[in-house]
Amino acid sequence: MIVFDLACDNAHRFELWVPSAEALDQQITKGWVTCPHCGTQAVRRLPPAPAVHTASKLPPPAESQRTPTTEPDSSAQTQARLWKLLQKLKQDAHDVGDRFPEEARRIHAGEAPARPIKGQASRKEVASLLDEGILVVPLPPDPEQMH
Ligand SMILES: [Zn+2]
């Protein structure tokens, strides 16, 4: 069986399964084929368009497979970028040890040169620095400490 595209005089399009093109032409000539939309026998076979059929089958499966996989990937990449950024910040930062809250306030007040610093601060000190509008971010541990 082969599927053929047909059209009637009223511009309706429909498909018909027939054993062969010759059989279809015979059925049309004898008036056996009628339009399922308006019932007219004035139908004709449309030229086969294999390229259109092939192309229309391709996109849907690719689309459904792509959607779930892209989102975890991109969020993992974002985390990796953020991680690298924090590691770089940590390398560049001047270590001020437990003078961190004091030094952060001096930089914020313009009493010390603006530069990235790192050091120790209690949660309470970090909270009060944030309250004063000073940006404090927790730095990741050294990679060797994670093993
Ligand atoms: Zn019709």
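Visitor: In what order do the three strands of the open sheet stand?

Guide: Strands of a sheet pair through backbone hydrogen bonds, either parallel or antiparallel. In this predicted model, the open sheet has the order β2-β1-β3, with antiparallel pairing. A strand here is a DSSP run of E of at least two residues, a helix one of H or I of at least four, both numbered from the N terminus. Two strands pair if DSSP finds at least two bridges between them.

Visitor: Which are the edge strands?

Guide: They are β2 (13-18) and β3 (43-45), each pairing on one side only. From one strand to the next the twist averages 40°; axes are lines fitted to C-alpha atoms, for helices over the stretch in contact, and angles run from 0 to 180 degrees between N-to-C directions. Six bridges join β1 (residues 2-8) to β2 in the antiparallel sense.

Visitor: What stands opposite Asp5 in β2?

Guide: Glu15 does, and Asp5 itself lies in strand β1. Leaving aside neighbours within four places in sequence, Asp5 is in contact with Arg13, Glu15 and Leu46; contact means C-beta atoms, placed from the backbone, within 7 Å. The C-alpha atoms of Asp5 and Arg45 are separated by 6.3 Å, although the two are 40 residues apart along the chain.

Visitor: Why is Asp5 classed as partly exposed?

Guide: Because 15 other C-beta atoms lie within 10 Å. A residue is buried with 20 or more other C-beta atoms within 10 Å of its own, exposed with 12 or fewer, and partly exposed in between; C-beta atoms are placed from the backbone.

Visitor: Which residues form the largest nonpolar core?

Guide: In soluble globular proteins, nonpolar side chains tend to be buried together. Here the five are Cys8, Leu24, Ile28, Val33 and Val43. Such a core is a set of buried Ala, Val, Leu, Ile, Met, Phe, Trp, Tyr and Cys residues joined through C-beta atoms within 7 Å. Beyond four places in sequence, the contacts of Val43 include Cys8, Ile28 and Val33.

Visitor: What should I know about numbering and cut-offs?

Guide: Residues are numbered from 1 along each chain as its sequence is written. Local features need pLDDT of at least 70 and side-chain atom pairs count only at pLDDT 80 or more, while totals for chains, interfaces and linings use all residues.

Key. Two residues are in contact if their C-beta atoms, placed from the backbone, lie within 7 Å.
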